[in-house]
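Work through the following exercises with the sequence and the coordinates open side by side. Each task is followed by a solution that goes step by step.

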Amino acid sequence: MEADPRTDLRTDSRTGGEALVRALAAHDVTQAFGIPGTHNLEIYRHLAAYGVRHATPRHEQGAGYAADGYARVTGRPGVVITTTGPALLNVTAAVGQAYSDSVPLLVVSPGMPLRHPRLSTGLLHEMRSQTEALRGVAAFSHRVSSVAEIGAAVARAFTLFRTRRPRPVHLEVPLDLLTAAETAGPVRLAPATAPTLPDAEAVRRAARALREARRPALVLGGGARGAATACLTLAEACGAPVVTTANGKGVVPERHPLSLGVSLHTESVQKWLVGRDVVLAVGTELAESDFWSPPPALGGTLVRADLDPDQMHSGLPTDIALVGDARASLEGLLSEMGLHARVRHDIPGPRGGVDEVAAVRDARYAGSAARDARWIPYLRAIRAVLADDAVITSDSAQCCYYGALPHLPLGPAGRYLHPTGFGTLGYALPAALGAKVACPERQVVALSGDGGLQFTVQELATAAQLRLPLPVVVFDNGGYGEIRDEMAARGDRPTAVDLAPVDLPALARAYGGQGTRVCHPDELALALTEALHTPGPTLIAVPEETR
């Protein structure tokens, strides 16, 4: 009977490629994304034996975004396998996005041989330094120097994912080590850890500030997702309105009477926030990318709960710092206030916050009604079709940041994946692919503009090959609409922003999927319903009036 290589420790002599895959499997990696190349074949050789499935996007950037989407919906690190040189550089945009949005991503690649000369030799895919290139966008880039070091390097990456703010990591294995059979050593595992607890005195001070607050507010980012119930309990107990960042969308149900949704970028919400006497910010940078402008100076006490201690010194000055796991911090606050995290189904007791939210929400919509009105009927049609736990991915497109982020309500069961901060284009389609690979039973829909879609449109072929039901809704404004509008606002003549028309539904069909064009919200609802039950991708184009 052949031994199972995942558990067989009778021999410790392994190639670097097998040692790498064994270390990944030991950390429960079951899915990877990437493209085989001449230099990484020894990695691919061992994937199936160790139970690691693989999906092959059509471009390494797509592989990175797919792994990002996989990580966001599962909470587990996404893994990308590239080859050397251009392949690794192709994935760096996705690595930069994962760094910006605190996504655990592990990129593994071959590198030049251990004793490769500093002077160029013309070796295939030769680069002066892959690690230097990746250090500019990842949390760290680690080049191993022996087969035995591979297990420790993988364990180091997973330790970072579990104990610190999760961010992308690059691991490089020199070409000669990939095929060299050496002593690999025992399987090394990232240590089990308990949630980091905030300082007890800081918790007491924060609880006292919230008890005494007359105008409290909660600002929730992506780091608050694991503390959703505690956040809602605290908001209801204090009558505190809740506003979220893009990454925090849906942490608190956006139809809740205390929710202002994703609206930090609106003038009315920023003015309202400045007038709060206590603001509790959970798992968010409070950065310019959240406000779409320099963060406003708050007039009251700022309490920040964040796993990353560096956040307490960046951006807006922190008055009370709760450094630790978000759930532990919020539950500590509730305990100090004599409350317990629970889900309520009645209207919150303190009415002031509810009435205030209604007024601020009205002002918010009034300020953006003319700009956002064109998308709202279509977004309502999408919301009516989708289940509560649907996953929606979006691009850096007007229909997403002006439309879906503020106007397509979600709750904690659903997820909205958006490329915040770094603001890459082409994210939506491959991220949806990764999310659907991770959760094939859930509805997954990609929202994009025509400009961003064409950065990664080739991933329609990947979805078609995998026969994944994947609606891709594209609002087509004939180019780069946001930049066109910015040029016009400056009084400039729009230049290089109008793209030649593309028959996007026909392109989807050419890739092996389905494609259609709709011109009314009712048509979109019907097309989306059908697409959710059709194997492979369905591109649904919605033409926009741009003149």
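The exercises below concern helix packing in this predicted model.

**Exercise 1.** Determine which residues of helix α13 are buried, what covers them, and what is found at the ends of the helix.

*Solution.* Begin with the helix itself, which spans residues 326-336 and in which Ala-326, Ala-328, Ser-329, Leu-330, Leu-333 and Leu-334 are buried. Next, look for the elements that cover these residues, which include the helices α9 (200-212) and α10 (228-238) as well as the strands β12 (278-282), β13 (301-306) and β14 (320-323). Finally, just after α13, Gly-338 adopts a positive phi of about 75°.

**Exercise 2.** Describe how α9 packs against α13.

*Solution.* The axes of α9 and α13 lie 9 Å apart at an angle of about 60°, and the crossing is right-handed. On the α9 side, the contact is made by Val-203, Arg-204, Ala-206, Ala-207, Leu-210 and Arg-211, and on the α13 side by Gly-332, Leu-333 and Glu-336. Sorted by class, the residues of this contact comprise 5 nonpolar, 1 polar and 3 charged.

**Exercise 3.** Classify the orientation of α16 relative to α20.

*Solution.* Helix α16 (residues 398-407) packs with helix α20 (residues 481-489) at an angle of about 95°, their axes being 8 Å apart. Because angles of 65 to 115 degrees count as roughly perpendicular, α16 is roughly perpendicular to α20. In this contact, Gln-398, Tyr-401 and Tyr-402 of α16 meet Gly-481, Glu-482 and Asp-485 of α20, giving 2 nonpolar, 2 polar and 2 charged residues.

Technical notes. Residues numbered from 1 in each chain as written. Predicted model: local features only at pLDDT ≥ 70, side-chain atom pairs only at ≥ 80, totals over all residues. Heavy atoms only, no water. Buried < 20%, exposed > 50% of the residue type's maximum accessible area, 1.4 Å probe, protein only. Helix = DSSP H or I, 4+ residues; strand = E, 2+ residues; numbered from the N terminus. Contact = heavy atoms within 4.5 Å. Axes fitted to C-alpha atoms, helices over the stretch in contact; angles between N-to-C directions. Parallel < 35°, antiparallel > 145°, perpendicular 65-115°, else oblique. Nonpolar A, V, L, I, M, F, W, Y, C, P; charged D, E, K, R; others polar. Left-handed = near helix turned anticlockwise from the far one by under 90°.
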